[in-house]
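Please look over the sequence and the three-dimensional model shown here before reading on. The paragraphs below lead from the whole chain to its parts.

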Amino acid sequence: MNEPEDYSPGDPDARASLPAPRRVPVELAGARLDQVLARLFPEHSRSRLQAWLKDGLIRLDGMERQAKHKVHGGEELVVAGLPPLPEQLAFEPEAIPLDVVYEDASILVIDKPAGLVVHPGSGNWSGTLLNALLHHAPALAGLPRAGIVHRLDKDTTGLMVVAKTLEAQTDLVRQLQQRTVARHYYALVYGDIASDGEIDADIDRHPVQRTRMAVVPGGRPALTRYAVRQRLHGLTLVECRLQTGRTHQIRVHMAHLGHPLVGDPVYGPRRVTDSRVDGFSRQALHAFRLGLLHPASGEDMVWSAPLPADFAALLEKVGGRADA
């Protein structure tokens, strides 16, 4: 899958079910149309509304208008028909077990296992987290990407938050964009890391190997902070905190630092010389802590998830503590 880890409400696919027609209040007379849309459709992000406006999907008294058009007050605003979302056409609910850590009317937090693809794509059109979510909460079929706002790689484990309402999804995406969502990972890497630090290096598609990501000057800004948690004779357990959410960010950044993740089939060493980790066939990466503001209540919420069994066994095998 080549999608970014953090999804944007302005993505072409990120379109929700049609909002009901609304009338422009007279007190908004003289305001720009894009400002009026933001006021009347607060459950939608500005980028989504601007995309609808640019695509000619918004009618003001039956007419297409530009964002800078000044309203008179009293006009009817209508969002014209949108093409069905691809997931509404192609993706079906599947009874795939979910490890639910928290759930209420607005959000769902899960502990994702290794091997579970988050979103359908080329080669993975079924058996994904999205399919599981549609079975767990059928109403998610009415949301873009079934409420998914960020992702973990197929073989990365740990905590993910999913929105259950459009308002929650828009709010969570904004929190991700504002970098206020706390995402902490444990990663077991090769080498002895001397001290804590950060990696501020742009990431983009590899210029030659297009299925890989790489540190590329002028790419998308990416910042990872890391802290040493255990030194294990040629290996280091680090806690990484994402400040941005780029595809394969931790894997690419740690490899760029000269400390690739144990088991990483893409960015790790071609030959494994440490017999202690031989046979661990996925990247040793686990999202163990997630913190955010609840999109409905504003409450500061934090969840944690223990290391999965295979990661815990690996850590103990190399002389570490699984209760890191």
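This is a predicted model: local features need pLDDT of at least 70, side-chain atom pairs count only at pLDDT 80 or more; totals for chains, interfaces and linings use all residues.

Residues are numbered from 1 along each chain as its sequence is written, and side-chain values use heavy atoms, with hydrogens and water left out.

Along the principal axes, the C-alpha atoms fill a box of roughly 75 × 45 × 40 Å.

Two domains are assigned, domain 1 (22-83) and domain 2 (179-323), with bounds that come from an automatic or database domain assignment. Their C-alpha centres lie 43 Å apart.

Of the 324 residues, 51% count as buried. Buried means under 20% relative accessible area, exposed means over 50%, and partly exposed is in between, with a 1.4 Å probe and protein chains only. The protein exposes about 14,900 Å², of which carbon and sulfur atoms supply 49%; accessible areas come from the Shrake-Rupley method with a 1.4 Å probe, and for residues only the protein chains shown count as cover. Among contacts (heavy atoms within 4.5 Å) with a separation of 6 or more, 66% join residues 24 or more positions apart.

Helix α1 (33-40) is mostly covered, with six of its eight residues buried. These are Leu 33, Asp 34, Val 36, Leu 37, Ala 38 and Leu 40. Their cover includes β1 (22-23), α2, β2 and β4.

Which residues are buried in helix α2? In this helix, residues 46-54, they are Arg 48, Leu 49, Trp 52 and Leu 53. Seen down the axis of α2, the buried residues fall within an arc of 140 degrees, so they line one face of the helix; the arc is that of the directions from the helix axis to the C-beta atoms. An α-helix has 3.6 residues a turn, so residues three or four places apart point the same way. The face of α2 turned away from the buried side carries the exposed residues Arg 46 and Lys 54. Elements covering the buried residues of α2 include α1, β2 (58-60), β4 (76-79) and α5 (166-177). After α2 comes Gly 56, with a positive phi near 75 degrees.

Asp 61 lies in the loop between β2 and β3 (63-64). Although Asp 61 is not a glycine, its phi is positive, about 50 degrees. Asp 61 is partly exposed, at a relative accessible area of 49%.

The largest nonpolar core holds 34 residues, of which Tyr 185, Cys 240, Ile 250 and Met 254 touch the most other members. Such a core is a set of buried Ala, Val, Leu, Ile, Met, Phe, Trp, Tyr and Cys residues joined through side-chain atoms within 4.5 Å. The elements that each supply at least two residues of this core include α4 (129-136), β8 (182-190), β13 (235-242) and α6 (249-256). The largest share, four residues, comes from α4. Leaving aside residues up to four places away in sequence, Met 254 touches Val 189, Ile 193, Ile 199, Val 238, Cys 240, His 259, Pro 260 and Leu 261.

His 248 is found in the loop between β13 and α6. Phi of His 248 is near 60 degrees, a positive value in a residue other than glycine. With 14% relative accessibility, His 248 counts as buried. Not counting residues up to four places away in sequence, His 248 touches Asp 153, Met 213 and Tyr 267.

Finally, Tyr 186 is found in strand β8 and, at 9% relative accessibility, counts as buried. The C-alpha atoms of Tyr 186 and Gly 127 are separated by 26 Å, the two residues being 59 residues apart along the chain.
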